[in-house]
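This report examines selected features of one protein model. Please view the sequence and the structure before reading on.

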Amino acid sequence: LSDTEEVQWLLDVTHIEAPRGGGVDSLQALMDAFAERCECDVALLHVPGRRLERAASRLPLARSELDLLPGLVVRHLFRVAQLQQKTLIVNKVREAGAGGLVPFRILCVPLLRRGQVDGVAVAFNRAQGRPFESRDARMLERLGPRLQEIIDVDYDDATGLLTRHAFEESAAALLAREASVPRAIVYADVDQLHVVNDLFGFGAGDEVLKAVGEAWRAQPLPPGSLAARIAGDRFEEVVHDV
């Protein structure tokens, strides 16, 4: 019965269709659903190659916790996942650096892509909360392929911005839902990127694209805005007018 419930839950959340452009994307919707179903205090998604971070919390977090957990994922858990390539459950509160304590139980599942760890999905429970069980691990492991599928389809491999497909769907839904809201459209292309590719190779061209993507993300966009790499050297934004 427990297995059946888990499979049914997975089928339900697999078909979650978060409103495009509505401030909550499909990745966030899935992390929220897992945190609620697993009854974990915090769930984090970390995919550094796409510059993707998502966080779901059932309870308010203190500033110290907000600083501790993402750093723990970036500096330690992602590296462990890369080495072990398997699910990690830590129910014993352990020592952190400089003699401190990590007051959380940990469940960490690697997200695999072509045999490599692309990112991690991590659940945390406070030390006084319930331990993680194999059931929790199965649920997050079963969710992993769906998370990876969304990442591959909706987010550009080089820049982490939306793909053209995801951008067009999101923009259409956004404009249909809030047609009267003032917005600006920003378009840019990288002039003579082919010269960089010809002289220095495609790896150098990819580094240029990554730098451009970082520049587009340097200033947080107003809620309801969208940014995408729509073709090889072309970028576009729909900016909510605030």
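A residue is called buried when its relative accessible area is under 20%. The model is predicted, and by this cut-off both phenylalanine 104 and phenylalanine 124 are buried.

**An aromatic pair**

A pair of aromatic rings is described by the distance of the centres and the angle of the planes. The structure contains two aromatic pairs. Phenylalanine 104 belongs to strand β6 and phenylalanine 124 to strand β7, so the pair ties together parts that are 20 residues apart in sequence.

**A buried glutamate**

Glutamate 237 is located in strand β10. Why does glutamate 237 count as buried? Its relative accessibility is 8%, and the cut-off for a buried residue is under 20%. Among the residues that glutamate 237 touches, leaving aside those up to four places away in sequence, are Phe167, Trp216 and Leu221.

**The elements discussed**

| Element | Residues |
|---|---|
| Strand β6 | residues 104-113 |
| Strand β7 | residues 116-126 |
| Strand β10 | residues 234-240 |
| Helix α4 | residues 134-154 |

**Helix α4**

Helix α4 has 21 residues, and its span from the first C-alpha to the last is 30 Å, close to the expected 30 Å. Where does α4 bend? The bend, of about 30°, is at glycine 144, and proline 145 follows within four residues. The buried residues of α4 include Met139, Leu140, Leu143, Gly144 and Leu147.

Terms used
Residues are numbered from 1 along each chain as its sequence is written. This is a predicted model: local features need pLDDT of at least 70, side-chain atom pairs count only at pLDDT 80 or more; totals for chains, interfaces and linings use all residues. Side-chain values use heavy atoms; hydrogens and water are left out. Rings of Phe, Tyr and Trp (its six-membered ring) pair if their centres lie within 6.5 Å; planes under 30 degrees apart count as stacked, over 60 as edge-to-face and the rest as tilted. Helices (H or I, at least four residues) and strands (E, at least two) are DSSP runs, numbered from the N terminus. Buried means under 20% relative accessible area, exposed over 50%, partly exposed in between (1.4 Å probe, protein chains only). Contact means heavy atoms within 4.5 Å. The expected span of a helix is 1.5 Å times one less than its number of residues. The bend at a residue is the angle between axes fitted to the seven residues ending there and the seven starting there.
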